[in-house]
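Thank you all for coming.

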Amino acid sequence: MKKLLARKIAAFIALTTFPFCCLHAQKIPSPAFVGYWETWGTMKLTQINPAYNVIDIAFAVTKDSSLYDMELAPFSNYTKAEFMSDIDALHALKKVVILSIGGANDPVYLDSPTQKSIFVSSMNKILTDYGDKFDGIDIDLEGLSIKQFAGSWTMTAPVIQQQYLIDGIKQILTDYKTRTGKKLLLTMAPETYYVQGGLSSGQISGAGGAGYLPIIEALKDDID
């Protein structure tokens, strides 16, 4: 009887000491209604139409004329403390808040191990500076970001710039899990051309046709 009681107590302790954060990691809701909140706009996060349950902060961008050192530029209508407080308010309403990378005007280009390392460290800095309140990151590379991928890549043999991006994203996910015990959500928003047109003139000519495909393939187990 004593041994049975001891086992039950041990089992109870094991369950109740499981990392609290892991039980409350955010997930993409189903169905998801996704909206991109523009950092250059004037709308507050708390003014977003309540129908949206996934809010992408658009965008984390490159700084200082680099193509790999990321920042979340100061907002025109928010202090940092107010912004973080409004993320908490969205979380209280069971909303998911994701930090989107890229956009049309700020290409991301990783062309060396050093650039990849700076990309990773600068993204980690943004996430930690905002208290790891972002539930995930969204890859929204466009234009010049994708044209760098033109060439003779295949699904299982990316060009080196694709591979640096893949490795960099994986490292950001790993670093977040190490810091918080939670999975950092990963989403992507490729424009149609960047998932169609593989092995076509769009790929070979330098236009970046289907340039997302090897990245999606490599990260398929991480994408939410």
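In which sense do strand E2 and E4 pair, and over how many bridges? Strand E2, residues 54-62, and E4 pair in the parallel sense over six bridges, where two strands count as paired if DSSP finds at least two bridges between them.

Before I go further, a word on the source: this is a predicted model, in which local features need pLDDT of at least 70 and side-chain atom pairs count only at pLDDT 80 or more, while totals for chains, interfaces and linings use all residues. Residues are numbered from 1 along each chain as its sequence is written, and side-chain values use heavy atoms, with hydrogens and water left out.

As for the overall layout, the protein has eight helices and six strands, these being DSSP runs numbered from the N terminus, with at least four residues of H or I for a helix and at least two of E for a strand. Of the 224 residues, 43% count as buried, and by buried I mean under 20% relative accessible area, with exposed being over 50% and partly exposed in between, using a 1.4 Å probe and protein chains only.

Let me return to strand E4, residues 96-103, where eight of the eight residues are buried, so the strand is largely enclosed by the rest of the structure.

I turn now to charged pairs. A search of the whole structure finds six salt bridges, each being a side-chain nitrogen of Lys or Arg within 4 Å of a carboxyl oxygen of Asp or Glu. One of them joins Asp 88 and Lys 133, with the closest N and O atoms 2.8 Å apart; Asp 88 sits in helix H3 and Lys 133 in the loop between H4 and E5, 45 residues apart. Asp 88 is partly exposed, at a relative accessible area of 36%.

Another salt bridge is formed by Lys 183 and Asp 224, at 2.7 Å from N to O, and this pair likewise links distant parts of the chain, 41 residues apart. Lys 183 is partly exposed at 34%, and Asp 224 is partly exposed at 40%.
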